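Subject: Structure for you to look at

Hello,

Here is the structure I said I would pass on. Please open it first; my notes on what was found follow below.

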Amino acid sequence: MTRSISIFGATGSIGDSTLDLIRHDRANWNVVALSANCSAEKLAKLAIEFDAQIAVVGDEACLPELRQHLSGTQIEAAGGAQALCDAAARPVDLAVAAIVGCAGLAPTMRAIEQGNTVALANKEALVSAGEVMTRLVAQHGTTLLPVDSEHNAIFQCLEGNNLDDVRWITLTASGGPFRTKTMAELEAATPAQAVAHPNWDMGAKISVDSATMMNKGLEFIEAFHLFPVGLDRLRIIVHPQSIIHSMVEYRDGSTLAQLGPSDMRVPIASTLAYPARMDTTCQPLDLATIGNLSFFAPDEERFPATRLAREAAHAGGGTPAVLNAANEVAVAAFLAGQIRFTQISAIAARTLDTYVPPAPQSLGDVLAVDAEARARAGEMLEIA
Ligand code: NAD
Ligand code: MG
């Protein structure tokens with residue numbers, strides 16, 4: 001029986017990996033909506049290849065180009081933030097939330113309201129919305145499957161177990177491209193160096209987040225919402241090989257870990273086939289060639305982002321949305337050559353110091369906190 005799927009952020013790294021899996025399993029899928037921010041030509045090609053019902057660009061200015069590339073086909077074209085949400089409201093068996101940043105929050109919330117299954121890659125949406133999102137998931141009886149490799153690993157390690165029996169959830173972190181760099185080297189780090197991740201091939205924003213360790217900080221908050229064992233039972237360990245994707249230790253002393261190659265198609269496949277399994281063309285894990293797995297405690301002197309995230313998680317309410325928004329602004333400024341690498345976490349810290357947000361009760365409240373935090377972080381760029 002074929003299943004219907006929509007992919008938001010179809011032209012990105014997660015989108016590519018998802019569509020590659022579907023390409024190899026074509027007969028089982030009916031593609032409804034594909035979206036991009038702009039990338040009209042790539043989006044149109046994918047929509048044609050996968051015979052989508054509708055292609056949507058988030059940036060309305062790119063709609064004429066999308067229309068042009070889709071002319072002569074039966075595929076609908078749409079553009080703008082509202083069009084993204086409307087597309088996310090189309091019922092599907094599985095919606096993949098793979099937009100980067102808080103820009104993906106509103107369409108992800110619409111997909112959740114469908115009450116089917118949402119595969120969540122867009123961690124910034126969950127970090128920002130927190131309980132506003134988890135409440136919506138509960139209210140609609142939606143199945144939320146984590147795509148993020150660590151959370152997918154934890155999800156697999158928890159299957160058949162009871163959260164009350166968990167002693168620790170341990171998120172592994174590769175440590176990124178600057179793991180062994182000195183403070184002076186971090187000061188001088190360039191965008192090109194920051195996006196060159198040793199293990200994973202990812203979009204620019206998450207690559208910079210991996211270099212600052214903010215990615216692990218965001219994932220800490222993501223894990224707190226997905227697996228409610230309490231903040232005191234979540235921890236982070238640096239594991240440079242990215243083979244163990246995360247672990248769960250139980251009160252009897254057993255630790256379950258999920259291992260796999262550093263290939264996002266593995267966790268994505270587990271969400272596509274859930275609760276069954278599907279074939280992938282990923283390289284099998286060759287532990288004899290890998291040889292060693294090593295582990296280190298995180299260094300929060302050089303990489304303060306995980307501390308900022310832990311503090312934001314403890315503060316709760318709108319604070320994680322402030323952290324996320326300030327980080328998005330700072331990462332974009334770093335990639336544009338406006339600020340130094342070490343200023344990314346500094347701007348996030350200062351934004352958190354100067355803005356104590358109200359606790360959001362709705363999507364609109366979250367977006368208002370996000371907007372205010374962006375404005376404040378933007379002002380800090382000017383004095384940075
Ligand atoms: P990417 O930059 O490669 O792709 C992002 C996608 O979102 C693209 O399709 C882009 O067109 C779209 N997009 C960007 N801005 C948008 C906007 N304002 N409105 C609408 N659409 C917009 O990013 P990615 O690496 O694929 O990451 C996507 C999400 O998945 C992120 O939240 C990231 O943290 C998460 N994630 C990625 C990986 C990975 O390996 N790439 C792993 C784990 C989690
Ligand atoms: Mg991850």
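A residue is called buried when its relative accessible area is under 20%. Please keep in mind that this is a predicted model.

Helix H4

By that cut-off, helix H4 (residues 81-88) has several buried residues: Ala 83, Leu 84, Cys 85, Ala 87 and Ala 88.

Helices H5 and H18

H5 spans residues 105-113, and its axis comes within 11 Å of the axis of helix H18 (residues 363-383). The two axes cross at roughly 165°, which makes H5 roughly antiparallel to H18. The crossing of this pair is right-handed. Where they meet, H5 contributes Leu 105, Ala 106 and Met 109, while H18 contributes Leu 363, Val 366 and Leu 367.

The magnesium ion

Which residues supply the protein donors of the magnesium ion (ligand 2)? They are Asp 148 (OD), Glu 150 (OE) and Glu 219 (OE), at 2.1 to 2.2 Å from the ion. Along the sequence, these donor residues follow the spacing D-x1-E-x68-E. Glu 150 belongs to helix H8 (residues 149-158) and Glu 219 to helix H12 (residues 214-226), so this pair ties together parts that are 69 residues apart in sequence. Both glutamates can be checked against the cut-off given above. Glu 150 has 8% relative accessibility, and since buried means under 20%, Glu 150 counts as buried. Glu 219 is buried as well, at a relative accessible area of 1%.

Trp 200

Trp 200 sits in the loop that runs between helix H10 (191-194) and helix H11 (204-212). Is Trp 200 buried or exposed? With a relative accessible area of 12%, Trp 200 is buried. Apart from neighbours within four places in sequence, Trp 200 is in contact with Ser 149, Ser 242, His 245, Pro 261, Ser 262, Asp 263 and Met 264. One of these, Ser 242, makes a polar contact with Trp 200, side chain to side chain, at 3.4 Å.

Regards

Terms used: Residues numbered from 1 in each chain as written. Chains lettered and ligands numbered in written order. Predicted model: local features only at pLDDT ≥ 70, side-chain atom pairs only at ≥ 80, totals over all residues. Heavy atoms only, no water. Helix = DSSP H or I, 4+ residues; strand = E, 2+ residues; numbered from the N terminus. Buried < 20%, exposed > 50% of the residue type's maximum accessible area, 1.4 Å probe, protein only. Contact = heavy atoms within 4.5 Å. Polar contact = N/O pair within 3.5 Å; in protein donor to acceptor, adjacent residues only side chain to side chain. Donors = N, O, S within 2.8 Å, 3.2 Å for Na, K, Ca; no water. Axes fitted to C-alpha atoms, helices over the stretch in contact; angles between N-to-C directions. Parallel < 35°, antiparallel > 145°, perpendicular 65-115°, else oblique. Left-handed = near helix turned anticlockwise from the far one by under 90°.
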